[in-house]
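Have the coordinates open as you read.

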Amino acid sequence: MNLSPRAQVISIIIVSSIFGVGYNATTPHSLPLIYYKEKVQSVVQKKGESQQDWNFRIKEQVNIFLNDTIPDAPIKIDLSITKEMYDRGIIFIDARDEEEFAEGHIKGAILAPSTPELVQLTPDRSTPIVTYCGGGECDVSMELAVELMDSWDYERIFVYKGGWPEWKAAGYPAE
């Protein structure tokens, strides 16, 4: 059966598309077929809401994250939720390099350890952990969070999207 050049091109495109979608569906870090806007979990103060009510809603949201949620992917969080987690003594891991860490970091945070040490961080895989990096376009903290969940089976991983610059600008505890 001889196909016209046009039919051959269409056939190649169809077969290539089938293989591409199939490959994408079977890889662990596949690309989404539909674009979605990045969602960062936050608690926004409502107009006229008292500081006390707003703080209560933040604490309530964090309670849900820490007690009722076992996510299938790292949860991105904003400054207010991050600060509440910090106040509760959650483990913070700085995903930046050693030099940046030495220049300044969230007080009590640990530098992202090398892979063999990662598993020794905490033996309880349900322990919540917050990762962060340089904020903005920095995605090293998300890469570390995904590794913690996918490779090391940690269950509650959070990524602070504002990172070190936002934390420092807010005047929160730093070293």
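Which residue stands opposite Val 159 in S5? That place is taken by Lys 76. Before we go on, a word on what you are looking at: this is a predicted model, in which local features need pLDDT of at least 70, side-chain atom pairs count only at pLDDT 80 or more, and totals for chains, interfaces and linings use all residues. Residues are numbered from 1 along each chain as its sequence is written, and side-chain values use heavy atoms, with hydrogens and water left out.

Helices and strands here are DSSP runs numbered from the N terminus, with helices being H or I of at least four residues and strands E of at least two. Two strands pair if DSSP finds at least two bridges between them.

Now settle on S5, residues 157-160. Toward S1 (residues 75-77), S5 runs parallel and is joined by 3 bridges; here Phe 158 is the bridge partner of Ile 75. Toward S4 (residues 129-132), S5 is again parallel, with 4 bridges, and Ile 157 is the partner of Ile 129. In a regular strand, side chains alternate between the two faces of the sheet. In S5, Ile 157 and Val 159 point one way while Phe 158 and Tyr 160 point the other way, and all are buried. Buried means under 20% relative accessible area, exposed means over 50%, and partly exposed lies in between (1.4 Å probe, protein chains only).

How do we get from S4 to S5? Together with H6 (140-150), these two strands make a right-handed β-α-β unit: with the strands pointing away from the viewer, the path from the first strand over the helix to the second runs clockwise. In the loop between H6 and S5 sits Asp 153, whose phi is near 60°, a positive value in a residue other than glycine. Asp 153 is exposed, because its relative accessible area is 53%.

Next comes the disulfide, a pair of cysteine sulfur atoms within 2.5 Å. The structure holds 1, joining Cys 133 to Cys 138 with an S to S distance of 2.3 Å. The link is left-handed, with -140° about the S-S bond.

Turning to the helices, H3 (residues 79-87) is mostly covered, with 8 of its 9 residues buried. Among them are Leu 79, Ile 81, Met 85 and Tyr 86, along with Lys 83 and Glu 84. Just after H3, Gly 89 takes a positive phi of about 85°.

We finish in H1 (residues 5-26), the helix that holds Ile 14. Ile 14 counts as partly exposed, at 47% relative accessibility.
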